[in-house]
Each structure stands twice: as C-alpha cells, then as structure tokens.
Amino acid sequence: MVKQTTPPKPKRRSPITRAEGERRLIEAAYQLVHERPFSEVGVRDIAALADVNHGFVHTWFGSKNDLLLAVVRRQFLNLAETVQQAEPGQPAINFFDPNVVVVVRLVLWLNLEGVDTSGLFNDMPILDALTMRYIDIEKIDPSIAKQAAIQAISIGLGAGTFSPILGMEKPSDILPIMDLWRHVIGLLGKYPPA
C-alpha cells in the first residue's frame, strides 16, 4: 500500500497592522507608478507587490486614487526634508529629479481624473519648509514669504512639467529660469513690496 501524502498547505500571510499594511501599499504603489503608465497600475497589482489583500486598499484608503494621493502626500513629506536640508544659495528642489517628476505628473494625472487635489499644498510640509527657508535664509518678510514659496513651486512645477515642450531636455536648460527666480527672491529679501 502506497502511503499518500497531502501537499503542504500554502503559508498564510502573517497578520500585519494597519500602519504596516498602509506603508506597504504606499511603497508598492510608488514603485509601480515609476514603472508603468498610471492608468495601467491596478489595485490588484499594488496589493500583490505589497503582499497585502487587495480589499484593504478600499478599506484603508477608499480607492486607488485615494491611495495614490497618499503616495503624493508621502513624497511631499520627503521633499520637505530635502528643502530643509538644501544648502543656502542652492536650489531647494531639483525639478528634474525622477522622483519629483513622477510626483508632479501623478498630481496632474489625478487632477485630470477628477480627484480633488486643491488641498495638497495647503498645510503641507513642503510649502511650510520652503516658506521657512525664505524667511530664515533669504530674509524675506514673513508677510510675503508664503506667496513667494507658492510662486517658486508654481514656476518649478511649470518648468519641470513642461520642459520637454519648451525644449528643455536636461537640468542645465532650466538653470537660467531658476537663476532668474533666485534673483527675484534676493530682491524680495532686500526690497520687500510696500
């Protein structure tokens, strides 16, 4: 008599905390938006890469787009740290950095998808960090520093996003624009508007 063996049962995923699951899903989504067009990144793909049940995307975030907003917010926190660590006299954000480019394009894509992105910069660490940089390092009057930071982000986003259309293909192409903006910042520090 041949003894039959039953195949081993597949290992069950070990239970994870919500915080760990959310972290995994955000990191997996971020990795996939670097590799594929955003429209081709699916919830099941993200969950499989994160090794998390795909139902948790909806439970914890609400939708794929809400998860992608969480990716943007996480990257904004990282950018805020970069702004805080930038040396005086150097650009605070490199808009040609592939991580920055992906996040900018993701924000634009989400907006085109009808997702409300209006509050992403309000009360966000990146705007606060740039505002404080302008006050502390550039000596811009605190009453206008936030508006200057909003302008800087707008200029950088515009130049970085539309650089291929404007014929700017490498970081050195955008330097004249950023140098001009640095000059304006210097003037705002010396001669605040009345």
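How many salt bridges does the count come to? The count comes to 6 salt bridges, a salt bridge being a side-chain nitrogen of Lys or Arg within 4 Å of a carboxyl oxygen of Asp or Glu.

The model is predicted, and local features need pLDDT of at least 70, side-chain atom pairs count only at pLDDT 80 or more, and totals for chains, interfaces and linings use all residues. Residues are numbered from 1 along each chain as its sequence is written, and side-chain values use heavy atoms, with hydrogens and water left out.

**View 1. Salt bridge between Glu20 and Arg23.** The N to O distance is 2.6 Å. Glu20 and Arg23 are 3 residues apart in helix H1 (residues 18-35), so about one helical turn separates them. Helices (H or I, at least four residues) are DSSP runs, numbered from the N terminus. Glu20 is partly exposed at 24% relative accessibility, and Arg23 is partly exposed at 30%; partly exposed lies between buried (under 20% relative accessible area) and exposed (over 50%), with a 1.4 Å probe and protein chains only.

**View 2. Salt bridge between Glu20 and Arg24.** Here N and O are 3.1 Å apart. Both residues belong to helix H1, and the 4 residues from Glu20 to Arg24 make about one turn of the helix. Arg24 has a relative accessibility of 22% and counts as partly exposed.

**View 3. Salt bridge between Glu27 and Arg23.** The N to O distance is 2.7 Å. Glu27 and Arg23 lie 4 residues apart in helix H1, about one turn. Glu27, at 41% relative accessibility, is partly exposed.

**View 4. The network of salt bridges.** It links Glu20, Arg23, Arg24 and Glu27.

Definitions and conventions. Helix = DSSP H or I, 4+ residues; strand = E, 2+ residues; numbered from the N terminus.
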